[in-house]
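Colleague: Could you take me through this one and tell me how you back up the labels you use?

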Amino acid sequence: MQLHRESVLNPVTALSFIVLGIDRRRHLLAGEDNHLRVYDVESSRLCGQAPIFKSQSIHGICVSPCPNDRKKRQVLIWGGTSVSVVPQTLIEQLVSGDVPSRIPGEIAAPDRVLYGILSPYASGGLALLTAHNELTCFAVQADAFLWDLVMGVPWLYLGRFRHSLCDDRTIRIWDITEVRGDRSSQRIQYFQEFSAARETGFRDSLVSAAGEGQADDRCLAVAMGHASRIWHVEFSFQVMPERQFDTAALDIWSFGEDATVQKWDMSLHDLQPSMKTLESSGKPVADPKQLTRLSHQATYHNHSGKHIWSRALTWDDAYGLLIATGGSDGRILLVRASQAASRSCLNEVPLEEYSSLPHGSVTSSDSQPPTLTTTPEGTSSVPSGQPPEGQKKKKSKFRKVKETFNHFNFVSESSLLAITNSGRLFRGVFKPEISWDEVTVVPEVRESLRSYTVIASSGSTGTALIGTSSGTVYLYRDYAVPVIEPIAQVSGKVEGLFDLSRKTKYIQVSSPSDDIKPSAVSSDLPLFLVTAFGSPAAILLTLDSSMDNAQVTKTELALDKGFAVTTAAICDRHVILGSRNGRVSVLKPYQGGYSVLECQYKATTKDAITSISLLPSSTSEGIMDILMTSRDGKYRVHRISIEDEQFQGLLLHETSPPFGPVIESAWFYENTDGSKDLMLCGFRSKNFVVWNETQGREVVTADCGGAHRMFAYTPLSASSEGCRFVFTKSSQLCVFSQLQASHSTLKSGGHGREIRSVASSGPFVATGAEDTNIQLWRYKPCRDLRCITVLEKHTTGIQTLRWYEQSYLFSSGGIEEFFVWKVTPLENDHLGLAVVCEATFTDKSEIGDLRIMDFDIQLLGEDAGANSLFAITMALSDSTLQTYSYSKDNGFHLLARGSYTGACFSQLRHLSFNDSVLEILTAATDGHVGIWKAPISLALDGDDLAQYTALTISRIHQSTIKSLDIRQTSDTGCPSYLLATGGDDNAIAFSHLQQDAESGQLVFGKKHIVRPAHGAAITGVAILKSSFDQNQATVVSISNDQRVLKWRVVDWATGNAKFQLLESHHSAIADAGDLEQLSDDKVIVGGVGMEIWDPLA
Amino acid sequence: MGKSSKDKRDAYYRLAKEQGWRARSAFKLLQLDEEFDLFADVTRVVDLCAAPGSWSQVLSRVLIKGEKFGRAAWQNREVKFRKQMLGVFGPVKEAPEEQVVEVDHTEDELKPRKDVKIVSIDLQPISPLPGIITLRADITHPATVPLLLNALDPDYDATSKDQKAAHPVDLVISDGAPDVTGLHDLDIYVQSQLLFAALNLALCVLKPGGKFVAKIFRGKNVDVLYAQLKIFFEEVHVAKPRSSRASSVEAFIVCLNFQPPEGFSASLEEPLGVGYRLTDMMEERKNALSLEAPTVLQNPETSTWDCVPEHSRKTDADGVTEVEFEDLRAPEKDDVRWIAPFIACGDLSAFDSDASYRLPPGHVSLDPVQPPTAPPYKRALEMRKLAGGAYGKTGTKS
């Protein structure tokens, strides 16, 4: 029955690359709390871990530089004042799964270690730089150079060092090469001044007199770019092989509190020529300061919240420069710098598959066709060659129009079809570099393709449809020699062409998916919807292009008036259309055609619906879950249910991903392990973005200038990060393609700031943090928590979260923010959980700036519409209580109010709801617990407001009650409770609450307090469900002192109560905010990170 | 947050402005004094990390001017009224409380003390205060000791390198805190180093029997810190004034009756908190203590000596019974830990620093008495302004 830590997710405070084993595989060593974890860089797999220190987190890792004998290589690890030297063989044992040899004990350094290195010369020699800027060598044969430094470095104050470098948010480059004057005499003088009586504050006299003036001269360049403090700066040349020096040797990488990594380029101008000219002209020599520039190159912002605490750089022959970062969100990211590099560096990338083309701009020079010129009336004067630059300009003066692309789209993931405004057709084939050839078409076809076309493709069969202004629809087949033929005619200019089988198009290439049930109509045949200007009907085209002559079946669909189709999909034989104004239309097959069903619900957006995909689910006939993306920056899941001639829609899920406001499309990517990632794409400011919603990270960022342009994209089946994106920019066609993102996640993380509330229900865990986000996780015993979704709606830190079963989640924060989230577990694994904010609390106080410190909910029954009806009681920071009724249709109605002494409430629980009387329990900053009751009248039109009356107010703690758990001992007879409270006063109290036989009211029985129980405020306490009975309870508590304690409480209701401290363990979670029991009696601690403990292991 | 919303969110912020304090932390010292009577018979005080000077201001007004501050300064009258209405807090002795209020209200004649000497030190400049010597110095720096000794005793010869005060002081206080980074481990370390720096100076200048008050962060290993302080002082308490927010890890260590261990001599050349000196002292002390056999009683039934004496259980006026727990933890080698008794100070009628208050109608939000003199981020703000605003954009221009 030992308390045992099952998993932990907390800030990554140390990182270092290491090459392990005979096969010299690259691994990453990470310090996470007191454990050293080993990750395989290639596969992102956690290979092994071991505790290095007893309770100290790891702050730094240094791998010994001696490259030759791997058996002798060692790894220096430090954290706080603890130091350990671990042989590399031990780490290899961890990776191979062998039983590791004994982990070396920790050594105590005299002070906190800031940095340490192992000597490359002497085995076992190491040098430590401590927080007071003392350099200590723990070596038998430390080299003289280091000892010299020890003598030379004065005793400087850590704080001042940091202030001068980081707090002003600048990066400064210093020249430290020159040697000034007579050092020994200067040193003696310095020490004399150093210890004399004098003022030593900021910018103190000594430094400003002796060093400052000159020191400023030595600063070569200054740059600002981070929004807050900078924690680390690295030169990339430190890890690069010499042969690479010419390309990116002077890159500087900075890592900051703002959770960004920034790349800087330092240009050192060649001093020689300028100096010579200046010298000859007799003028003073140029100041190198004015010739050095730091210019900003790139910003990587992929950690959530704040802080990048750790980083590591290495050079890999295959990948180039690799940078790993560890954040306070517990995430480890890998940046492949060469991949992210600018155009000039692209040619040097050694591997073909990484040679992405961020801006492979297709200009006339690398393929003949795209920029051609033609006359406005353009009677097909096709210039055979490409006119030179100057000529082009000249022609434009003669009011000649440049030949540009009218429309383009992908036919398959490696084939692009483009049509110019002169009616010419070009095919671009990616192998993987794009190469162009022209598709020959007869003049009549060319004439009809001129000036206007739309292209839709069905990638699975390599076919595309081209719609024209005359209403003719052509079929294009992507053969070695492409074929184009007219297949249909609609009345009027073709407005839209939609591929209804598009959703599975690219996934099917790699793995046949059971995602979409083959529709009876299409039966795997390409299916397109054609709409035409001015036509009230749309036409459904089914193609059978298996034979040389394509067979086309035309079905006409009547549309509602004014319904402008923006997207279409076919789900379970029904055609679903999305419109420009957010409306959805469902058509059901009817007598060989389709009939429009009557829509019975209000559209959830007024913006255009950009895509519709079907979520697989095993729900019954006539019910389907569809995912829609929209131009309002949100994606939604609707449950559509069809009854006779009507359909109903229920909004299940609504989220704004961190880009937008334009979301173009959504699709699912099937990973190798069978799991599926929801991918979304759209625009954020000037970038085209592909976002992996399941993993919560941006995989493609392509600077294209913004959403207002023509573009086409295709995901690549080979990788979830793969994408080809074609767009026009300044009348040029540009191609972006990547197979792998420039950054990848080695380990996924959680909240970027302190977790304040944790709530669990069944397999789901909700966490709310200071970063104002709510994260929902799926918990599987003995596995790490997996984040399902992030809810971003609060604008203040979360105070409390509560579930009602697995169907409702309630959340509260500052400025009286309170949201009701409707939760629907989905049967498929792609999304896991659909969440929609059903209501926002609006009945705020006059100023609306109070914090809803805590609240509790109680199911009262059902309202008229069969929705759940809840009573919600909130405890506010101005010492008032308020109870509301809530249901989906009727919203919030105030039922009762109460007011306390002025002390801020900290906890609130509903105790019971009997005979229309609600009984609640509160705790406050004054250390008192109160029991209140109020009559609850559910008559919604009742004007009179009930008042809470305090039944009893009883002091338990000296100051704030920070945590509380209550458990009822018996259901039968008179209720009796055990109340466990943890206070800011380091004490934990166990109180007995029971019904008074005479009055029938709850009164306090014995109140026992253990003080001190912890070294600091007790922020979480839980009475374990399983081992609880009338006489005995097991309680787990967590405190700011980072210890988890397990208690046994016996006979708490009597005068012979016994309190036993069973266990005490170090917890990785600093600033713990909450402790919650999971469904299986395990407890989860949330704070700076989170960890799961098994109290009964 | 604007001035006005801060007034509502933070009652003490508003009170500080209304009562002319440079910072709300003045109330923390006043509430600590109320609990521990810190200023009794005190004339010589050193205030460390004093900027912007609110604690020095308290010293100046209490010791030099002879003003008296009591509960009336921070009591919320409405709260008292509502408490009585609710019938809450029965056993609280109302009578003496009223008395104190009475005393405070009779603004009787000022009683300035004689021979008061107050020295305030900070890295940042402190605006002058009547009767207080302000020094700008780094308290971790050896050069600060002669500077301080000179300020306390003008006769002190700085060349003598003597690190002991000829006329020691009665009280050393420190409200210093670092700019926190967010890495709790580091913040706790830096705060503990500030505490050690204050302690090292205090050990040089404090008279036996003197008092030491300093800010601590109640985080990981704070119990090790308590145990270390206990070597030098007879009584060590950890106190949380009501004016310090419950949501903050801040608390104050109140050390009474300075009793330097035999043979101990303080020196900033060999400071505590760095190196092994303090750990060795702890080890020695632990070994000395463990020589005492634990008390056991004879079991009346089996006649074996295995009974631990039952601690008498005390039940206080609120019906809370204080109990000791049976420690069944597996013994393991660990640092010496000890948890100082916690005391919440400022009575429960005081304003609650966590609560929101409605401002009286027509409330005018006052300007802070003393805006920050030289915050470290000032330069960043200036540079940003110079470059034309917004980060990121300015970065690329350079």
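Colleague: What makes you point to Gly674(A) in the hairpin of β46(A) and β47(A)?
Modeller: Its phi: Gly674(A) takes a positive value near 95°, in a hairpin that has 5 residues between its strands. Keep in mind that this is a predicted model, where local features need pLDDT of at least 70, side-chain atom pairs count only at pLDDT 80 or more, and totals for chains, interfaces and linings use all residues. Residues are numbered from 1 along each chain as its sequence is written, with chains lettered from A and ligands numbered from 1 in the order in which they are written.

Colleague: How do you know that β46(A) and β47(A) pair?
Modeller: Pairing takes at least two DSSP bridges between two strands, and these have 9, in the antiparallel sense. So they pass the definition. Within that pairing, Phe668(A) stands opposite Leu678(A) in β47(A).

Colleague: Why is β46(A) called largely enclosed?
Modeller: Because 7 of the 10 residues of β46(A), residues 661-670, are buried. Buried means 20 or more other C-beta atoms within 10 Å of the residue's own, exposed means 12 or fewer, and partly exposed is in between; the C-beta atoms are placed from the backbone. Across the 1097 residues of chain A, 48% count as buried.

Colleague: And what makes α8(B) a largely enclosed helix?
Modeller: 21 of its 22 residues are buried, so the rest of the structure largely encloses α8(B). As for "helix", that's a DSSP run of H or I with at least four residues, while a strand is a run of E with at least two, both numbered from the N terminus.

Colleague: How do you know that the length of α8(B) agrees with its residue count?
Modeller: The expected span is 1.5 Å times one less than the number of residues. For α8(B), residues 184-205, that should be 32 Å, and the end C-alpha atoms are 31 Å apart, which agrees.

Colleague: Why are β1 and β79 of chain A called edge strands?
Modeller: The open sheet has the order β1-β81-β80-β79, with antiparallel pairing. β1 and β79 each have a single partner strand, so one side of each is left without a neighbour in the sheet. For β79(A), 4 bridges join it to β80(A), and Leu1075(A) stands opposite Val1085(A) there.

Colleague: What makes β66(A) and β67(A) a pair?
Modeller: They share 8 bridges and run antiparallel.
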